[in-house]
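Let's go through this one by asking where the labels come from. Each answer sets a value against its cut-off.

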Amino acid sequence: MTINNKCGFPVAGSLKVAGSNVNVAQFRLAPGEKIRLLKGFGKIKTVMHMTPDVRDMDKLEISKTEIDNPDSYIELKQGKKGIRVKIY
């Protein structure tokens, strides 16, 4: 899974196995940073929780997205109400 932060602010988040509370990865991405996670994992369904890492209280909204394929390419983009997620 590759996560690319195209927001103008840092994004912090975590990946959990869907249907459980097992945390498999945590990340913090600066603007423009890209990270590769879950190499070698089987086909597990994960849930990604993320939040803007900023002090502006209007942008502090936790986003949640389910990901079916650990080989996905994910773009995080800045939206009017926090983070927009695009999965390829």
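Q: What makes a residue count as touching Ser 14, and which ones do, leaving out those up to four places away in sequence?
A: This is a predicted model, and a contact needs heavy atoms within 4.5 Å. Not counting residues up to four places away in sequence, Ser 14 touches Asn 23, Ala 25, Gln 26, Phe 27, Val 47, Met 48 and His 49.

Q: Why is Ser 14 called buried?
A: Its relative accessibility is 12%, and buried means under 20%. So Ser 14 counts as buried. You'll find Ser 14 in strand S2, residues 11-17.

Q: And Tyr 73, why is that one called partly exposed?
A: Tyr 73 comes out at 26% relative accessibility. Buried is under 20% and exposed is over 50%, with partly exposed in between, so Tyr 73 counts as partly exposed.

Q: What makes the pair of Tyr 73 and Tyr 88 tilted?
A: A search of the whole structure turns up one aromatic pair. The ring centres of Tyr 73 and Tyr 88 are 5.9 Å apart, and rings pair if their centres lie within 6.5 Å. Their planes are at 40°; stacked would need under 30 degrees and edge-to-face over 60, so the pair is tilted. Tyr 73 lies in strand S7 and Tyr 88 in the segment after S8, so the pair ties together parts that are 15 residues apart in sequence.

Q: Which residues have the most contacts inside the largest nonpolar core, and which elements give two or more residues to this core?
A: That core has 17 residues, and Ile 3, Val 11, Leu 15, Met 48 and Leu 76 have the most contacts inside it. S2, strand S3 (23-29), strand S5 (46-52) and strand S7 (73-79) each give two or more residues, and the largest share, three residues, comes from S3. As for Leu 15, its contacts beyond four places in sequence include Met 1, Val 22, Leu 37, Met 48 and Ile 67.

Q: How do you know that S1 and S4 pair?
A: Pairing takes at least two bridges, and strand S1 (residues 2-5) has three with S4, in the antiparallel sense. Thr 2 stands opposite Arg 36 in S4.

Q: Why do S4 and S8 stand at the edges?
A: The open sheet of four strands runs S4-S1-S7-S8, with mixed pairing. S4 (34-36) and S8 (82-87) each have a single partner strand, so one side of each is left without a neighbour in the sheet. Direction ignored, neighbouring strands of this sheet are turned by 20° against each other on average.

Definitions and conventions. Residues numbered from 1 in each chain as written. Predicted model: local features only at pLDDT ≥ 70, side-chain atom pairs only at ≥ 80, totals over all residues. Heavy atoms only, no water. Buried < 20%, exposed > 50% of the residue type's maximum accessible area, 1.4 Å probe, protein only. Core = buried A, V, L, I, M, F, W, Y, C linked by side-chain atoms within 4.5 Å. Axes fitted to C-alpha atoms, helices over the stretch in contact; angles between N-to-C directions. Phe/Tyr/Trp six-rings, centres within 6.5 Å; stacked < 30°, edge-to-face > 60°.
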